[in-house]
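Reader: Can you walk me through this one? I'm new to reading structures.

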Amino acid sequence: MRWGEWRKSSYSTKEECVEVGSAPGLAGIRDTKDPGGPVLLVRSTAFVRFLGAVRTGRFDRAELA
C-alpha cells in the first residue's frame, strides 16, 4: 500500500511515539521507532470522528468516571 507522508504526533515523547499516514480512504497509525512494523488501519472517516472526540475531551478521565 502506498502511504502519503507520515506525520509524528505533537504529543509524542522520546519513549512513546506514534505517526499517522494516509492512503485513499484510510488512516494508518504506527510506532515511530518501528517504521517497518505493523500499521493499525482505520477508515479515514472513523479517524476524523475519533480525533474530534479527543479534541472535545470525550476521553478525558473526568468524562470516563
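Author: We'll take the sheet, then the helix, then the aromatic rings.

Author: This is a predicted model, where local features need pLDDT of at least 70, side-chain atom pairs count only at pLDDT 80 or more, and totals for chains, interfaces and linings use all residues. Residues are numbered from 1 along each chain as its sequence is written, and side-chain values use heavy atoms, with hydrogens and water left out.

Reader: OK. In what order do the strands of the open sheet come?

Author: The order is E1-E2-E3-E4, with antiparallel pairing. Strands (E, at least two residues) and helices (H or I, at least four) are DSSP runs, numbered from the N terminus. Two strands pair if DSSP finds at least two bridges between them.

Reader: Which strands stand at the edges?

Author: E1 (7-8) and E4 (40-43). Each has a single partner strand, so one side of each is left without a neighbour in the sheet.

Reader: How many bridges join E3 to E4?

Author: Four. E2 and E3 pair over six bridges, and E1 and E2 over two.

Reader: Which residues stand opposite each other?

Author: Lys8 faces Glu19 in E2. Ser22 has Ala27 in E3 as its bridge partner. Ala27 also stands opposite Val42 in E4.

Reader: What about the hairpin of E2 and E3?

Author: Two residues lie between the strands. Gly25 there takes a positive phi near 80°.

Reader: New topic. Where does H1 lie?

Author: H1 lies across E2, E3 (26-31) and E4, at about 90° to E4. Axes are lines fitted to C-alpha atoms, for helices over the stretch in contact (heavy atoms within 4.5 Å), and angles run from 0 to 180 degrees between N-to-C directions.

Reader: What span should H1 have?

Author: Its twelve residues (44-55) should span 16 Å at 1.5 Å a residue, and the end C-alpha atoms are 16 Å apart, which agrees. The expected span is 1.5 Å times one less than the number of residues. Gly57, with a positive phi near 85°, follows H1.

Reader: And the rings? How many aromatic pairs are there?

Author: Two. In one of them, the ring centres of Phe50 and Phe59 are 5.7 Å apart and the planes are at 40°, so the pair is tilted. Rings of Phe, Tyr and Trp (its six-membered ring) pair if their centres lie within 6.5 Å; planes under 30 degrees apart count as stacked, over 60 as edge-to-face and the rest as tilted.

Reader: Which residues form the aromatic cluster?

Author: Phe47, Phe50 and Phe59.
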